[in-house]
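Me: Hi! Could you walk me through this structure with a few questions and answers?

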Amino acid sequence: MRKLPHEGIIFPLMKKTLLIIPTYNERENITRLVALIRKIVPEATVCVVDGNSPDGTADAVKAMQRNDAGIILIEQAKKNGLGGAYRAGFARALAEKDIDTVITMDADFSHHPRYLPDLIAARASCDMAIGSRYVRGGGTHGWGLGRRLLSRFGNQYARFVTGMPFHDCTSGFNAISADLLRKTDWQLCGASGFAFLMELKWALMRRKPSWKEVPIVFEDRKAGESKISARIVYEGILLPLRMRFGKKRVYSDVSA
Ligand SMILES: Nc1nc2c(ncn2[C@@H]2O[C@H](COP(=O)(O)OP(=O)(O)OP(=O)(O)O)[C@@H](O)[C@H]2O)c(=O)[nH]1
Ligand SMILES: [Mg+2]
């Protein structure tokens, strides 16, 4: 097998890495995804947070757990949004004392595991590494024009309104120091959809972390259905304004 460029660096790090993967109706994806993760970062802990998927995603995870002690499954009573899944995942990840890096990623192969070594290696030299579509070498693949424009301009809008320095403010593929998360009020990030990922970065930036953007090519999902809705897009438009100008400016000093 081809030697990965960071193999020597990341091997000792992956043991201390926990990947949080929220799932809702991802039965078709999750088994293949975890199998691939195991090839690339065999020693990492995988934590699937399932929102009571009617398609039996949790059963597929339980089947994998029989042969793999490194898989955690959090079964939520109901579909609780991406934000609800990550809040549960963070609480669990930070209870694991040997974990020093927490990775957020989707289950639908949009965040390909091939980038895990890059993210883990980058995280070793900073507090948070952001998998970014909008830096040199990054991009999106398989999206129509409408979706490309929504994401591209949505990001520029979020960057402009919030003052956050990232080119990809909504990225869901991140490697974050557990110590940084412990110092951050992520529990106060109440957004439900992808806006949670902006709110989280806003909260993390309050702690003035060191950070890097790592290029990733985001692939449109090939199996299963998107959970994006008009309500989730609306939340994404409103949240930067609320973060910047709202009365409850919990994270008001990040752009300072
Ligand atoms: N536990 C849980 N997971 C969710 C929920 N909503 C979405 N997810 C998962 O979060 C990840 C991102 O959701 P997607 O539907 O792929 O949303 P997206 O990537 O922003 O949209 P697409 O690019 O259209 O796929 C996927 O792994 C979903 O299965 C939820 O309410 N609960
Ligand atoms: Mg997706």
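Me: Happy to see it. How much space lies in the largest pocket?
Reply: A pocket here is found on a 1 Å grid over the protein atoms alone, as an open set of points where a 1.4 Å probe fits, with protein on both sides within 12 Å along at least five of seven lines. Grid points are joined across faces, edges and corners, and the volume is the space filled by probe spheres set on the points. For the largest pocket, that comes to about 930 Å³.

Me: Which residues that line the largest pocket are the closest to its centre?
Reply: Lining residues have an atom within 4 Å of a grid point. There are 46 of them, and the closest to the centre are Leu 82, Asp 106, Arg 147, Phe 194 and Ile 228.

Me: What should I know about the model itself?
Reply: This is a predicted model, where local features need pLDDT of at least 70 and side-chain atom pairs count only at pLDDT 80 or more, while totals for chains, interfaces and linings use all residues. Residues are numbered from 1 along each chain as its sequence is written, chains are lettered from A and ligands numbered from 1 in the order written, and side-chain values use heavy atoms, leaving out hydrogens and water.

Me: Which helix gives the largest share of the lining of the largest pocket?
Reply: Helices are DSSP runs (H or I, at least four residues) and strands likewise (E, at least two), numbered from the N terminus. Among the elements that each supply at least two lining residues are β1, β2, α4 and α8. The largest share, seven residues, comes from α6.

Me: Where does ligand 1 sit?
Reply: A molecule sits in a pocket if more than half of its atoms lie within 2 Å of the pocket's grid points. The space taken by ligand 1 is the largest pocket.

Me: Which residue has a backbone N or O atom 2.7 Å from an oxygen atom of ligand 1?
Reply: A polar contact is a pair of N or O atoms within 3.5 Å. A nitrogen atom of ligand 1 is 3.0 Å from a polar backbone atom of Val 49. The 2.7 Å contact belongs to Lys 227.

Conventions. A polar contact is a pair of N or O atoms within 3.5 Å; within protein, one must be able to donate a hydrogen and the other to accept it, and residues adjacent in sequence count only if both atoms are side-chain atoms.
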